[in-house]
Amino acid sequence: MSSAHYQALEPQTSDEDNEDIERQHHQSHSRSSTTSATNATHPPHPPHPMVRKGGVARRRCLLPLVAVALLFVAFCYFSLSRDPRLTSGLGGGSEDSEEASHHGLDGMNFRPLNETVHICSESYEDRRQFMQDKPQADYGQLPVIYFVTPTYPRREQIPELTRLAHTLLHVPRLHWLVADDQEKCNGFMDTLLHRFGIPFTHMVSPMPSKFRNEKPAPRGVANRRAALQWIRQHNLTNGILYFGDDDNTYDLRLFSEIRKTQRVSMFPVGLIADYGVSGPVVRKGKVVAFLDSWVAGRRWPVDMAGFAVNLEYMAQYPYVNMPYKPGYEEDLFLRSIGLQMNLIEPRGNNCTEILVWHTQTKSKKLGIVRLESKYLDDRSNLGALLHNLKLMGVTSTTESEGRDALISKNGREKPHSRILS
Ligand code: UGA
Ligand code: MN
């Protein structure tokens, strides 16, 4: 998201630089995969027979052996010190990659994600019979859209998710990954998600406490990281990934557009920052640049809702990541999957239409209703209603705080006892 107070990154590499980096990245991948394949088919040689023999033979051969060993060590040191990736034990594999440092992203957490995934509940069953006037069976061949929604407890959470669900209800072949930014599973949310009949996974993914009080905080990042981990764990290499925040507004055409994604597709997002829009600049059907009022060194200055990724493409990148860097989440994620300008597929009629809006709901603090607890029984609806609102995180009921709740009839306030006893 665009914001002037986010800290800028180091200068960016050019397209040409990046192409070099990509080549190296692929080479290092093929190099490391060749190495591991070789290791797999040829087990390490057994120790040299000399080493196993004891006594005289060992003493006689000791000097030449030491000399050879020293020479070998010297040779290894000399040749390995030319390749920093190998000397630091990276081997193009599990740690921060050469690619990351070339991008000026030193210190970024560009290594395979290692999140713990806490599932609250999930369902793979699609209980919807019809979508957009067609029976479910008509959609059987479509690739699945993995729609990742970060969410967090606040008064507007359940209304936002309800609104979003009623959009998603029209979208066939969709798995909804709802990742809640809190420690404990919200049972109310489990029930809600089950009721919609859309296949879903509900997980909790709290923001690490060290980021909680930062301004700006990395919103929705722990959630998306957990969802990415879930995708990895399930070895999903088929389908489309989309990051859909809980408060945006989605046009149904978005879903048919992103389902066509071969590698990475992009489209403008409405209501972003100063221009009221953020999105690609397209010439002759190709993305050539970006229109966004906040650049700050971002190579991919796009909103989270402005792109979709094919999972087969993403699976090629073991370093897929979304570092906790407010304002740079989209950029760093797209860099972690080796995006190149010429790979981007413009959508929404060559990026001329708005298929998603960055709407933001005005947030208010929790409502408080002062009512004696003796009236919260089944003599009226109020007990159950206020109980539900408490579960939804909307309203709390108190016996002591603030003014007594206003209960009226015929335009006049009535004592609670008159209506509720
Ligand atoms: C914009 C972008 O559209 C987001 O994708 C991006 O994560 C965010 O900026 C950012 O960089 O901070 P914005 O409307 O400003 O979005 O942010 P929110 O809608 O408040 O938060 C983004 C997502 O994270 C939402 O789905 C929200 O429910 C979730 N979130 C927010 C949390 O999980 N935890 C929080 O503490 C706050
Ligand atoms: Mn938002």
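Modeller: One convention before the site: UniProt positions are given in the numbering used here, feature names are shortened, and annotations may be inferred rather than shown by experiment. This is a predicted model, where local features need pLDDT of at least 70, side-chain atom pairs count only at pLDDT 80 or more, and totals for chains, interfaces and linings use all residues. Residues are numbered from 1 along each chain as its sequence is written, chains are lettered from A and ligands numbered from 1 in the order written, and side-chain values use heavy atoms, with hydrogens and water left out.

Colleague: Which residue does the "binding site" annotation cover?
Modeller: The unreviewed UniProt entry puts it on Asp247.

Colleague: Where does Asp247 lie?
Modeller: In the loop between β7 (240-243) and β8 (249-250). Strands here are DSSP runs of E, at least two residues, and helices are runs of H or I, at least four, numbered from the N terminus.

Colleague: Is Asp247 buried or exposed?
Modeller: Buried, at 16% relative accessibility. Buried means under 20% relative accessible area, exposed over 50%, partly exposed in between, with a 1.4 Å probe on protein chains only.

Colleague: What does Asp247 touch?
Modeller: Beyond neighbours within four places in sequence, it is in contact (heavy atoms within 4.5 Å) with Glu160, Arg163, Thr359, Gln360 and Thr361.

Colleague: And which protein donors does the manganese ion have?
Modeller: For ligand 2, they are Asp247 (OD) and Asp247 (OD), lying 2.1 to 2.7 Å from the ion. Donors are N, O and S atoms within 2.8 Å of the metal (3.2 Å for Na, K and Ca), and water is not among the atoms, so sites may look incomplete.

Colleague: Switching to aromatics, how many pairs are there?
Modeller: Rings of Phe, Tyr and Trp (its six-membered ring) pair if their centres lie within 6.5 Å; planes under 30 degrees apart count as stacked, over 60 as edge-to-face and the rest as tilted. By that rule there are 14 aromatic pairs. One of them is Phe147 with Phe255, tilted because the planes are at 35°, with centres 5.9 Å apart.

Colleague: Which residues form the cluster?
Modeller: Phe147, Tyr242, Tyr250, Phe255 and Phe267 form one aromatic cluster.
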